[in-house]
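Here's a quick briefing to read alongside the sequence and the coordinates. Take a look at the structure first, then go through the points below.

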Amino acid sequence: METTARDRMRRGVRAAVYRACWRRLEGDEPGAQALLACEVPAVLSHEGASGVDDELVRAWLDEDTADFDRAVLISELITRRGASVVPPTPRVAAVRPQASASSEERASRPASVASPAIADLLDGMLAQERRVRAAS
Amino acid sequence: MSPTDTAVASTTTHAPNAAPAKAQSTPTPPPLGRRTDRKTILLGLDLGTNKCCLIAGGPDSTDIAIAKIVPSVVGYVKPGIINGIIPGNADVIFGEDALKNRLHVNLVHALADGVIAHLDATRDLMRHMRRIIDPAGNSEIRAVIGVPANAPQEARDNVRRAVAGVFDRVLLIPEPFLAALGVRDDARIGQSNYVDPVTNALFIDIGAGTTDLCLVQGYFPTADDQVSFAFAGDAIDHAMLESINQLYPDCGLSRLKVREIKEQHAYVGASRKPIDLKVVLGGKARNLELGDVIGSACNQLLDRVIDAARRLIARAASDSVEQLLQNIIVTGGGSQIRGLDTELQKRLLADGYENPKVRLAGQDYQRYVALGGIKAARAAREHQWQYVLD
């Protein structure tokens with residue numbers, strides 16, 4: 001296989017993996033798997049997949065997934081480091097966002113009847129933590 | 001290139017080749033998140049002041065592979081102990097082994113008041129738990145760890161420091177919320193006569209170090225939905241010991257003995273004296289009457305629980321309170337105090353609350369936080385898991 005075609009194939013696979021990883025990060029695991037299953041074969045087929053064996057493609061997928069996860073980790077580290085280095089901006093009022101709703105807001109919040117999904121509740125917890133970190 | 005005919009949704013990383021090689025066929029990509037051959041073990045962990053509970057299992061089933069309660073103590077063996085005294089002749093022992101051999105070790109209580117008091121000892125304890133869960137040491141372990149309601153950031157950071165390099169990914173979740181998940185009967189969700197405790201309940205988790213109350217109403221509890229105070233089992237022991245030393249100055253009862261007495265005889269409400277106990281002190285049997293000592297100490301806890309419960313009920317949405325009052329659940333070791341449910345219910349009724357109903361979580365009270373933890377671990381999405389940096 002020509003180097004150029006192989007490079008294009010490699011870039012195509014990487015792009016597909018990154019898009020799938022984004023979906024996964026947003027909580028759409030089935031969507032991520034579906035995207036991967038659809039796009040990777042399409043890329044390989046489009047570029048003429050002869051000369052590239054299964055093991056190599058799997059190695060690419062593993063490598064790109066690891067790269068994406070590493071990027072997410074670095075992003076989190078930078079966010080945390082930035083929060084500790086940048087001096088806090090002056091606050092007008094020390095209000096913890098959404099942690100102390102007014103009595104009117106609480107009264108208007110209806111009692112939930114449907115059983116909530118645990119994963120959705122965890123998203124709510126993590127969102128709260130991010131708000132608290134951002135405010136502190 | 002070899003063809004594959006394995007479905008894309010398969011979790012296998014190596015698809016079998018079913019036909020002779022053909023040109024232009026494409027390999028099946030492996031599922032995301034399972035890019036290594038390491039097995040993943042999920043862990044629900046309750047880091048209690050007195051006892052830790054760990055419940056572990058695989059991600060793809062509802063089975064529990066390991067359930068263990070480990071006293072939260074680490075014993076560093078004193079120099080000069082001869083071989084054969086300490087199990088395995090180890091330098092460091094944990095849990096029950098440490099308690100049994102406390103004369104031969106420097107005993108360290110890793111936690112106090114619900115939070116980590118000795119970071120190094122806690123790290124050693126976490127490594128010990130890792131060895132319980134994964135003796136071979138080559139699995140990926142993802143842990144949901146309970147933290148006290150409204151735990152300060154420093155306490156949460158200490159938990160992360162304690163597990164860095166021990167567990168691969170973590171989620172820290174308030175203990176009362178995990179207790180709600182643990183108490184929840186998943187088989188009954190959706191039944192018309194079952195109120196899911198996660199949708200509308202007040203959880204009261206009475207541990208050794210802290211008592212945590214939490215409103216759980218179908219959304220993740222905010223800081224205002226949770227109250228935690230450091231008066232719980234250990235404080236009752238302390239109050240009892242002070243009273244006993246006043247009544248019987250020469251008795252010399254140890255803290256451990258007082259805890260045993262509490263666990264056997266704790267009650268709330270009107271005085272249940274006499275409670276006569278025979279204790280052996282200095283080799284001699286003595287009779288101590290401790291009815292009021294026990295009741296007085298336990299009633300101090302009840303007063304604080306009532307006060308915190310009133311505050312949280314006042315914060316709940318008005319149209320949710322009637323159902324909320326029907327779902328007051330007490331868990332943790334303190335749920336074993338005799339009469340706690342009826343007394344709490346009576347006091348709320350006397351306060352004018354409409355038809356309150358208090359129930360105890362049951363015999364599994366030690367496991368609910370960890371059980372909720374593994375349920376949360378199995379439900380967590382990939383992006384929700386957090387790394388811990390060494």
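Strand 1 of chain B (residues 40-47) has eight of its eight residues buried, so the rest of the structure largely encloses it. Keep in mind that this is a predicted model.

*Strand 1 of chain B*

- On one side of strand 1 of chain B you'll find B:Thr40, B:Leu42, B:Gly44 and B:Asp46. B:Ile41, B:Leu43, B:Leu45 and B:Leu47 point the other way, and the residues of both sets are all buried.
- Strand 1 of chain B runs parallel to strand 9 of chain B (residues 140-147), and seven bridges link the pair. Within this pairing, B:Leu42 sits opposite B:Arg142 of strand 9 of chain B.
- With strand 2 of chain B (residues 51-57), strand 1 of chain B pairs in the antiparallel sense, over six bridges. Here B:Leu47 is opposite B:Cys52 of strand 2 of chain B.
- As background, strands in a sheet pair through backbone hydrogen bonds, in either a parallel or an antiparallel way.

*A three-stranded sheet in chain B*

- Chain B also has an open sheet of three strands in the order 5-4-6, and the pairing is antiparallel.
- Strand 5 (92-94) and strand 6 (105-109) of chain B are the edge strands, each pairing on one side only.
- From one strand to the next, the twist averages 25°.
- Helix 2 of chain B (residues 119-133) packs on this sheet and touches strand 4, strand 5 and strand 6 of chain B. The direction of helix 2 makes about 100° with that of strand 4 of chain B.
- Strand 4 (residues 73-77) and strand 5 of chain B share three bridges in their antiparallel pairing. In that pair, B:Gly75 stands opposite B:Ile93 of strand 5 of chain B.

*B:Thr122 in helix 2*

- Which element holds B:Thr122? B:Thr122 is part of helix 2 of chain B.
- B:Thr122 counts as buried because its relative accessibility is 0%, and the cut-off for buried is under 20%.
- The B:Thr122 side chain comes to 2.7 Å from the backbone oxygen of B:His118.
- Leaving aside residues up to four places away in sequence, B:Thr122 touches B:Ala110, B:Ile116 and B:Ala162.

*Chain B as a whole*

- Chain B contains ten helices and 18 strands.
- Of the 390 residues in chain B, 54% are buried.
- Take the chain B contacts with a separation of 6 or more: 63% of them involve residues 24 or more positions apart.
- Chain B exposes about 16,900 Å², and 48% of that comes from carbon and sulfur atoms.

*Chain A as a whole*

- Chain A has 136 residues, and 35% of them count as buried.
- For contacts in chain A with a separation of 6 or more, residues 24 or more positions apart account for 72%.
- The accessible surface of chain A is about 8,100 Å², with 57% belonging to carbon and sulfur atoms.

Key: Residues numbered from 1 in each chain as written. Chains lettered and ligands numbered in written order. Predicted model: local features only at pLDDT ≥ 70, side-chain atom pairs only at ≥ 80, totals over all residues. Heavy atoms only, no water. Helix = DSSP H or I, 4+ residues; strand = E, 2+ residues; numbered from the N terminus. Buried < 20%, exposed > 50% of the residue type's maximum accessible area, 1.4 Å probe, protein only. Contact = heavy atoms within 4.5 Å. Areas by Shrake-Rupley, 256 points an atom, 1.4 Å probe, with all protein chains shown as cover. Pairing = 2+ DSSP bridges. Axes fitted to C-alpha atoms, helices over the stretch in contact; angles between N-to-C directions. Polar contact = N/O pair within 3.5 Å; in protein donor to acceptor, adjacent residues only side chain to side chain.
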